[in-house]
Structures are given as C-alpha cells and as structure tokens.
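Please look over the structure shown here before reading on. The questions that follow take up one topic at a time, and each is answered in turn.

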Amino acid sequence: MTNTPLKVIESFEENWKVAHKEVTKVWKLEDFLFEGVYIFKMVNDFDMYYRERVITGKEEFDPGMIDGYKHVIGRWLQIANHLENLVLQFERSGFEVSRAEEFRSTMREAEGILTPDDDFFSGGKLDAIKEVAIEEYKRGEFTEGLID
C-alpha cells in the first residue's frame, strides 16, 4: 500500500508548509505596498505644504526643492516598479494581493508627476488618462470634491 495514512499526512503537511511560506510572502508584500503608499503620500504632502508656503509668501521659491521632490518621487517609482513585478508574480500564481490597486493608482500618480507637462497634456496620453479616470469613476474609485 503506497498511500498509507502517514504518507498522506506527511504530504499534506509538506504542501501546507510550502503554501504557508508563499502566503506569508504575500502578507509581507502587502505590508510593503501599504508602507509605499504611505511614504508617497507623506512626500507629496510635504511638497504641497512647501508650495503652499511659497504661494502665501512665507517661503522663497527654490527650484532645487522641486528638483529634489521629483528626484525622490523618481526613486520611489523605481522601488515601486520592483514591488509591482512581485505583485504580478503572485497574482499570476493565483494569490490576491490586497492594496495592489491602491498601489498601482499611486504609481500612476507618481508617473504623472514625473511626466513633463507637454507630454502629459498631449492628446494620446491625456485620452488614455481620461479613459482610466472614467473607468475608476464608474467603479466608484474617485476623489470627492473633484466633480461638482
């Protein structure tokens, strides 16, 4: 008898251990996605705070601040692209990765920040962004206050 109860249990245990290792990797990745979105928002909030201080005359405009901000966002996006590749690997393996869509939305925002205005507002890219925005709106994924 090849499949004794003990062999079945041992096989079950081994399969469970492998699956558990993969699941814990997904959980760790989800933690990184949460942290990545948080860091992006923190950097973006700092930029907004700086710009507000410049607009209200509380601080002199420094082009180096804008360059530094774009540099930080660029570094963030490089790391985000690596994480996105991991997300795709797990999704292809059948795992659901929570926060993946929020993370991808944040990546698109970072890409928009880094895209020169002339390129950003050209027809093709703007049309594609418009289509994404419409689809997000239809799914209820929109920021209140943008549409009156």
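## Aromatic rings and a helix

Q: In this predicted model, does Phe103 count as buried or exposed?
A: The cut-off for a buried residue is under 20% relative accessible area. Because the relative accessibility of Phe103 is 1%, this residue counts as buried.

Q: Which aromatic pair is tilted, and which parts does the pair tie together?
A: Trp76 and Phe103 form the tilted pair, at 5.6 Å centre to centre and with 45° between the planes. Trp76 lies in helix H2 and Phe103 in helix H3 (residues 100–114), so the pair ties together parts that are 27 residues apart in sequence. The pair asked for is therefore that of Trp76 and Phe103, and the parts are helix H2 and helix H3.

Q: What is the angle between the planes of Phe90 and Phe95?
A: Phe90 counts as buried because its relative accessibility is 11%, whereas Phe95 is partly exposed, with a relative accessible area of 23%. Their rings form an edge-to-face pair, 5.7 Å centre to centre, and the angle between the planes is 85°.

Q: How far apart are the end C-alpha atoms of helix H2?
A: Helix H2 covers residues 63–92, and at 1.5 Å a residue its 30 residues should span 44 Å.

Q: Which residue caps the N-terminal end of H2?
A: The backbone nitrogen of Gly64 lies 2.9 Å from a side-chain oxygen of the capping residue. The residue that carries this oxygen, and caps the N-terminal end of H2, is Asp62.

Definitions and conventions. Residues numbered from 1 in each chain as written. Predicted model: local features only at pLDDT ≥ 70, side-chain atom pairs only at ≥ 80, totals over all residues. Heavy atoms only, no water. Helix = DSSP H or I, 4+ residues; strand = E, 2+ residues; numbered from the N terminus. Expected span 1.5 Å × (residues − 1). Polar contact = N/O pair within 3.5 Å; in protein donor to acceptor, adjacent residues only side chain to side chain. Phe/Tyr/Trp six-rings, centres within 6.5 Å; stacked < 30°, edge-to-face > 60°. Buried < 20%, exposed > 50% of the residue type's maximum accessible area, 1.4 Å probe, protein only.
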